[in-house]
Amino acid sequence: MRTRPLKVALLGCGVVGSEVARIMTTHAADLAARIGAPVELAGVAVRRPDKVREGIDPALVTTDATALVKQGDIDVVVEVIGGIEPARTLITTAFAHGASVVSANKALIAQDGAALHAAADEHGRDLYYEAAVAGAIPLIRPLRESLAGDKVNRVLGIVNGTTNFILDAMDTTGAGYQEALDEATALGYAEADPTADVEGFDAAAKAAILAGIAFHTRVRLDDVHREGMTEVTAADFASAKEMGCTIKLLAICERAADGASVTARVHPAMIPLSHPLAGVREAYNAVFVESEASGQLMFYGPGAGGSPTASAVLGDLVAVCRNRLAGATGPGESAYAALPVSPMGDVVTRYHISLDVADKPGVLAQVATVFAEHGVSIDTVRQSGKDGEASLVVVTHRASDAALGGTVEALRKLDTVRGVASIMRVEGE
Ligand code: NDP
Ligand code: HSE
């Protein structure tokens, strides 16, 4: 074993960074044996230098992250600050000064992954980010390496723990969205500002990263269709139950049937209770990968939290350190397929539509005609009503999102349709 240590600069020492530092210290001997050289924490960049940080030598703490990455003798920079800047500049500076980078920053990788990979390539360094998608769950490396010989057709997953906790609470207790969000906040699952989670931004960033790797194609954050879960109601869960389904916020990345394009989207959807993703409870994450040769694979585990996320960061750190000792780099960006990313209108799936209608002769026929005129085939219709008003629940066969959108627009124009109470996609069948 080499005795000269590999030097690691830790940028950020919060929820994730503090656990990375702790494991680096407590598992130092094992890490050294696995890497083939000891790893040494050479500096820890933070915003508040005076904060007490258990297990961290105060002499290592600095507020000058730029000086740390420019030091010249750093082998690996671990970026767990988050956000776009200064993380982006620090990462590119790290490459320019000879370091490889491990990051947990999904927002940055989703937005600027291509440019960051190019910077890593230019300097012959690694950029690894297993922790950026689904915390502890090994997903990036299986997609990038283990499935490199297969053809991935679909990635379907729950990649946001906060929203899964909220939806699970709504399902199991009958609570409304706000009540479930309040519980998630009180238990520390939801952040004070939960927008990134509940509006689907966090999941969309993860979907962009997954789709890019799965389909060897650049998928930008703007390419991902995004709908949050704040509009999901207790009534939607009641409808889902009647269909033998539950509701999850799903990230879905698909290759088109003809293989010529891909789509990526995040939205709430009904899934059958028999689907393995329906049983993913609380703040857990799970991702289903469907590939040509392997068939269906499922990855499950904690998608957030300091220690689970640090596990993924440390796995990357070991891999990157091994590469450095070997004088090599691991796989970089693979975007050779360059498939076009189709708009949401091209996505084909099933829909559950809940309408408030007048309960009088001919209304059902009128509604059915609108579906037929837009080429959307009805699978089931359920009606319940009283006092001249009715609730109509229509479940369709597979149709394009564009056709469904046209149908709903036309339904809204009917005098007999008082309102469209909810539209939800049905997935996983
Ligand atoms: P925290 O907010 O807990 O920690 C951020 C750290 O960065 C803090 O130590 C903070 O310093 C430091 N910091 C902030 N700005 C600067 C700056 N300009 N210069 C130097 N240091 C700075 O974030 P998390 O640990 O939760 O998240 C880190 C990354 O990991 C993010 O990209 C996040 O998306 C990702 N991630 C997080 C998960 C989780 O469960 N928390 C799960 C998966 C990924 P100070 O301590 O002084 O405030
Ligand atoms: N806010 C994210 C979640 C953290 O709830 O899953 C992990 O990326």
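I began at Glu 282, which is partly exposed, with a relative accessible area of 39% (buried means under 20%, exposed over 50%, partly exposed in between, with a 1.4 Å probe and protein chains only). Glu 282 has a positive phi of about 50° although it is not a glycine, and its place is the loop between β10 (262-272) and β11 (284-291) (helices, H or I with at least four residues, and strands, E with at least two, are DSSP runs numbered from the N terminus).

I note that this is a predicted model, in which local features need pLDDT of at least 70 and side-chain atom pairs count only at pLDDT 80 or more, while totals for chains, interfaces and linings use all residues. Residues are numbered from 1 along each chain as its sequence is written, and side-chain values use heavy atoms, with hydrogens and water left out.

I then looked up Ala 134, another residue with a positive phi, of about 65°; Ala 134 is buried, with a relative accessible area of 1%, and lies in the loop between β6 (127-128) and α6 (140-146). I also found a cis peptide bond from Glu 85 to Pro 86, with omega near 10°, and Pro 86 sits in the loop between β4 (76-79) and α4 (87-96). Most residues other than glycine have a negative phi, and most peptide bonds are trans.

Next I turned to helix α14 (residues 401-413), whose 13 residues reach 19 Å from first C-alpha to last, close to the 18 Å expected (1.5 Å times one less than the number of residues). Asp 401, Ala 403, Leu 404, Thr 407, Val 408 and Leu 411 are buried in α14. They cover an arc of only 155° around the axis, which puts them on the same side of α14 (the arc is that of the directions from the helix axis to the C-beta atoms). The face turned away from that buried side carries the exposed residues Glu 409 and Lys 413.

Last, I checked domain 2 and domain 3, which bury about 1100 Å² between them, 63% of it from carbon and sulfur atoms (the accessible area, 1.4 Å probe, lost on putting two parts together, summed over both).

Key:
Chains are lettered from A and ligands numbered from 1 in the order in which they are written.
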